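User: I would like to go through some of the terms used for this model and see what each one rests on. Please set the values against the definitions.

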Amino acid sequence: MVDEEVVSERIRQIAATLADRAGELTGELVQLYAADLPQLVNDDERMVSLLSASVYQNIETALQIFRHGIDPATVEPPAAAMEYARRLAQRGTPVFDLIRAYDLGQAAMLDFGFQECIRVVDDAALLGAMMRRLLKVAYEFITRVVRQLVGVYQDERDRWLLNRSAARAAKVLDLLGENGGPTDVDAAEAVIGYRLRGTHVGLVIWHASEAHDVLSHLESVAGAVLERAGGEGRPLFVPRDEAGAWAWLPVASVHREHLDAALADADPGVRVTVGDPGTGVDGFRDTHQQARRVHALALAAGEHCDRVLTFREVGTVALMTSDLNAARLWVASTLGPMSADDENCGRLRETLRVFLASGGSYTAAAAELTMHKNSVQYRVRKAQELLPRGLGEGRLDVELALNLCQRLGAAVLSPA
């Protein structure tokens, strides 16, 4: 049976030998990373220098554990290793790369240790005991260090993203004129990570129910719209609360089929309003304001609103809804008794709306409503009888009022 004290003494000797080669071993590990994790080495000089310092300090710490019999459960990660983890988090480097680096480093250092053991130890039993000790202690050390560094990475990543999101949101408000700050386009682009000199389509995107943790889903929907529209790059996505966000897409246009396709696989509670395309900083503001106006229309319409509303389709109606009480009074004065919130008036309003939208064609209206032409004629006549003025005097007003009723329902109707 091998004496454990003999094992400890021989390992101390091996660790002392390797300590004299710490600089050399650091260089070999960095070369190993260059082959297996080139993204860590093909970086700016400061990051590579910090990587080397992290590797060197980790080697020193591990060898001190073996030389002095330190319990690995009590060891903290070296300062350079913690700082390197923080820098990787700030840069968005996947945490897997950090874990992989420690796996590779552990394997390489064990190989160096085994080679030295084989070189100086002839006794097979002693050699086996030494290797088992090396494996056990190295595993405990690396497991503890990696666990702690992943925690450091995640904390820094969360803090960095929070600060960056806050900075992005503040800069977006500056661009929109809501913070009253001047517009430095170059500085703004650097902060928000989005090109302002191109063409944009603004979106307001939200979840209509009391869902939680939906922002990532909403961001993926914005990305899907951009992809369907043939855009390149990434959307600018700015959360406003836990269930809603503003977004800008770097595209020249977004069509209804792009929106419908993007929402086909989305949660049914997702809603989107869309502004017209705009160019430059002014267009960035204008398309956003249009999307927000349509968003206000959607909120006023309630749960029965369409999942997608565009300013191009409902802009005129949206501009009339900033004062719902005034809109309700105007609808009542324009439609008279037909503004009542009841089923019969609803049928008359819809028939007259479709008839007018069809260019006054009973045949076309009947086809769209899947009704007999005579039924359409009857309803149109009854609807006109309820109007305070004839269609010839205020047809445009009547059409606008009917569209308001169709989009907003009870929000602009009179109690029955």
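User: Why are α12 and α17 called roughly perpendicular to each other?

Analyst: In this predicted model, helix α12 (residues 311-319) and helix α17 (residues 391-408) pack at an angle of about 100°, with their axes 10 Å apart. Angles of 65 to 115 degrees count as roughly perpendicular, and α12 and α17 therefore belong under that term. Being a prediction, the model is used for local features only at pLDDT of at least 70 and for side-chain atom pairs only at pLDDT 80 or more, while totals for chains, interfaces and linings use all residues. Residues are numbered from 1 along each chain as its sequence is written, and side-chain values use heavy atoms, with hydrogens and water left out.

User: Which residues make the contact between α12 and α17?

Analyst: With contact meaning heavy atoms within 4.5 Å, V314, T316 and V317 of α12 meet L400, N403, L404 and R407 of α17. These residues divide into four nonpolar, two polar and one charged.

User: What makes the buried residues of α15 line one face of the helix?

Analyst: In α15 (residues 362-369), A365, A366 and L369 are buried, a term for under 20% relative accessible area, with exposed meaning over 50% and partly exposed in between (1.4 Å probe, protein chains only). Seen down the axis of α15, these buried residues fall within an arc of 100°, so they line one face; the arc is that of the directions from the helix axis to the C-beta atoms. The face turned away from that buried side carries the exposed residues T363, A367 and E368. Among what covers the buried residues of α15 are α14 (343-357) and α16 (373-386).

How values were computed: Helices (H or I, at least four residues) and strands (E, at least two) are DSSP runs, numbered from the N terminus. Axes are lines fitted to C-alpha atoms, for helices over the stretch in contact, and angles run from 0 to 180 degrees between N-to-C directions. Angles under 35 degrees count as roughly parallel, over 145 as roughly antiparallel, 65 to 115 as roughly perpendicular and the rest as oblique. Ala, Val, Leu, Ile, Met, Phe, Trp, Tyr, Cys and Pro count as nonpolar, Asp, Glu, Lys and Arg as charged, and the others, Gly among them, as polar.
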